[in-house]
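Here are my notes on the model you passed over. Have it open next to the text and go through the points in order.

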Amino acid sequence: MSKRQNPSASATCEVEKTKVSAVSAKSNADQPEKPAGSRGGMDVDGDADMGEFEDAFEDEIEEEIMVEREEDSDGVEMLDDGEGDDDEEEEEEDEEVAEKKRQVYLPGDLLGEGEVLQVDNSAYHMLHTMTAQWPCLSFDFVPDNLGNSRSMFPHTMYAVAGTQADRAYKNQVILMKWSQLHRTINDDKSDEDKDDDDINDLDEDPILETKTMRHQGGVNRVRVLQSYQSPLAATWADTGKVHIWDTKKLMNAFETPGTQVPAAAQQPLFTIASHGHTEGYSMDWNPDGRLLTGDCGSNIYLTTRRNDTGSNFVADRSPFKGHKASVEDL
């Protein structure tokens, strides 16, 4: 192993030698001149003069140039070779290149080879994804008693959706409870870029609970009566029928784990057959419980909720007049 000489220690030694030489030279200059042949000093016995002391370094006084160098906490010399600056420049260049590659996707844009779409979490305060067994063409939110203007995270919410399965008998109406929905707007930020409030955001997975009801035919549209006391859901089937469901008992089952939902609660409360075999997509609830439905054959029917009848609903047999084309929305 080679030895390493400390430059700062060597420089200090040279400076000390220079000081000694300078002091010796001054002392000799202050001494009076002696005659030739005389002895100016005594030996160790005190009976003889010693010869003059000659400083070997007297004529070797040179100007020392001190070079300051940085040292780390352990005293080891650090050389500034510029590598740190080069690394920082390379990182900045890489970030610039990556930023140029990021582009906002617009409908109709073609993706190049190896390109993929990536969500920008800064565009959403909260973004969570889920996957159903079958595609769902329509869904709607179910009212709850947790407050209409709540803003504190995590959130809890209820929704209902209808499937489009490959066989009519496989379709379902799905009632869902989403809970532990945390804020995700800061997920792409590093810890250094986050504010004090952002650090409190938890990175936990949401919880999804479901209750299902069999549905004959694919579900074209779902609409929910926005009433917590009576959250009725209506589904437009591709068979031409409109089914009305009472979701209250299923929602209560979410709050009490282990609750058995009666079989009757998983069947339609009422079925509207006014449209025959003509399917449709448009319908909407009135807050008092009346329901309008429109089909692809230009017919619009009214169904009224009445408590004085056994079924609680009465569907009109005669459509509204005047509409001449397919009813797309109500």
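**Notes on the model**

1. Let me start with a pairing: Ser282 stands opposite Gly294 in strand E12. Ser282 itself belongs to strand E11, which covers residues 280-285. E11 and E12 (residues 291-295) run antiparallel, joined by 5 bridges. For the labels, helices (H or I, at least four residues) and strands (E, at least two) are DSSP runs, numbered from the N terminus. Two strands are called paired if DSSP finds at least two bridges between them.

2. Before going further, the ground rules. This is a predicted model, where local features need pLDDT of at least 70 and side-chain atom pairs count only at pLDDT 80 or more, while totals for chains, interfaces and linings use all residues. Residues are numbered from 1 along each chain as its sequence is written, and side-chain values use heavy atoms, with hydrogens and water left out.

3. Is Ser282 buried or exposed? Ser282 is buried, because its relative accessible area is 0%; the cut-offs are under 20% for buried, over 50% for exposed and partly exposed in between (1.4 Å probe, protein chains only). A polar atom of the Ser282 side chain lies 3.2 Å from the backbone oxygen of Val327. That is a polar contact, meaning a pair of N or O atoms within 3.5 Å; within protein, one must be able to donate a hydrogen and the other to accept it, and residues adjacent in sequence count only if both atoms are side-chain atoms. Beyond four places in sequence, the contacts of Ser282 (heavy atoms within 4.5 Å) include Arg221, Trp236, Leu292 and Leu330.

4. Which strand holds Arg221? Arg221 is in strand E7, residues 219-224. Arg221 counts as buried because its relative accessible area is 17%. The Arg221 side chain has a polar atom 3.0 Å from the backbone oxygen of Tyr281. Setting aside neighbours within four places in sequence, Arg221 is in contact with residues including Ser138, Trp236, Ser282 and Asp329.

5. Leu292 is another contact of Ser282, and Leu292 sits in E12. With a relative accessible area of 30%, Leu292 is partly exposed. Leu292 and Leu330 are 38 residues apart in sequence, yet 7.5 Å apart in space, C-alpha to C-alpha. Among the residues that Leu292 touches, not counting those up to four places away, are Ile300, Leu302, Phe320 and Leu330.

6. E7 has a sheet of its own to look at: 4 strands form an open sheet in the order E7-E8-E9-E10, with antiparallel pairing. Its edge strands are E7 and E10 (270-272), each pairing on one side only. E9 and E10 pair over 3 bridges, antiparallel, and Val242 has Ile272 in E10 as its bridge partner.

7. Now helix H4 (residues 248-255). The buried residues of H4 are Lys248, Leu250, Met251, Ala253 and Phe254. Strands E3 (136-142), E4 (155-163), E5 (172-181), E6 (207-214) and E9 (242-246) are among what covers them.

8. Some backbone spots to check by eye. Phe153 and Pro154 are joined by a cis peptide bond, with omega about 0 degrees; Pro154 lies in the loop between E3 and E4. Gln180 has a positive phi of about 55 degrees although it is not a glycine, and Gln180 is in E5. Ser298, also not a glycine, has phi near 80 degrees. Ser298 lies in the loop between E12 and E13 (300-305) and counts as buried at 13% relative accessibility.

9. Finally, the overall tally. The protein has 4 helices and 14 strands, and buried residues make up 27% of its 330 residues. Of the contacts with a separation of 6 or more, 58% are between residues 24 or more positions apart.
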